[in-house]
Amino acid sequence: MIGPYAVSRLQNLVWGHTQSADIRFGSDLRLLPLAGRTALNLFLTALTLGLYRPFAVVAMTRLKLEAVSITVTGSVDDWWPRPAP
């Protein structure tokens with residue numbers, strides 16, 4: 001439980017404090033889903049003698065990315081100047 005707790009807290013802290021003038025990131029990674037995924041990944045990796053490891057990495061990355069949110073202030077179209085006609 002210590003590993004998933006540290007990972008979830010660190011991700012929420014880092015992404016929660018990442019922002020610029022027009023973009024703000026956030027993260028809502030929960031401990032229990034992360035701990036459950038970690039336990040399942042360890043079990044399946046041991047059961048398959050390591051063959052599940054690539055799938056475990058993808059599943060963990062997907063869980064972490066789904067917890068990240070982006071908030072944009074204003075319009076994205078205003079970030080770059082429009083070319084002259």
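A crossing of two helices is called right-handed if the near helix is turned clockwise from the far one by less than a right angle, and left-handed if it is turned anticlockwise. Keep that in mind as you look at this predicted model, where helix H1 passes helix H2 in a right-handed crossing.

**How the helices pack**

Two packed helices are described by the angle between their axes and the distance between the axes. Here, H1 covers residues 2-16 and H2 covers residues 31-47; they pack at an angle of about 130°, with their axes 9 Å apart.

Which residues of H1 and H2 make the contact? On the H1 side they are Pro4, Tyr5, Val7 and Ser8, and on the H2 side Leu31, Leu34, Ala35 and Thr38.

**A pair of rings**

Now let's turn to the aromatic side chains. Searching the whole structure turns up two aromatic pairs. In one of them, the ring centres of Trp15 and Phe25 lie 5.1 Å apart and the planes stand at 50°, so this pair is tilted. The pair links distant parts of the chain, with Trp15 in helix H1 and Phe25 in strand E1 (residues 23-27), ten residues apart.

| Residue | Relative accessibility | Class |
|---|---|---|
| Trp15 | 31% | partly exposed |
| Phe25 | 22% | partly exposed |

Buried would mean under 20%, so Trp15 at 31% counts as partly exposed, and Phe25 at 22% counts as partly exposed too.

Technical notes. Residues are numbered from 1 along each chain as its sequence is written. This is a predicted model: local features need pLDDT of at least 70, side-chain atom pairs count only at pLDDT 80 or more; totals for chains, interfaces and linings use all residues. Side-chain values use heavy atoms; hydrogens and water are left out. Axes are lines fitted to C-alpha atoms, for helices over the stretch in contact, and angles run from 0 to 180 degrees between N-to-C directions. Helices (H or I, at least four residues) and strands (E, at least two) are DSSP runs, numbered from the N terminus. Contact means heavy atoms within 4.5 Å. Rings of Phe, Tyr and Trp (its six-membered ring) pair if their centres lie within 6.5 Å; planes under 30 degrees apart count as stacked, over 60 as edge-to-face and the rest as tilted. Buried means under 20% relative accessible area, exposed over 50%, partly exposed in between (1.4 Å probe, protein chains only).
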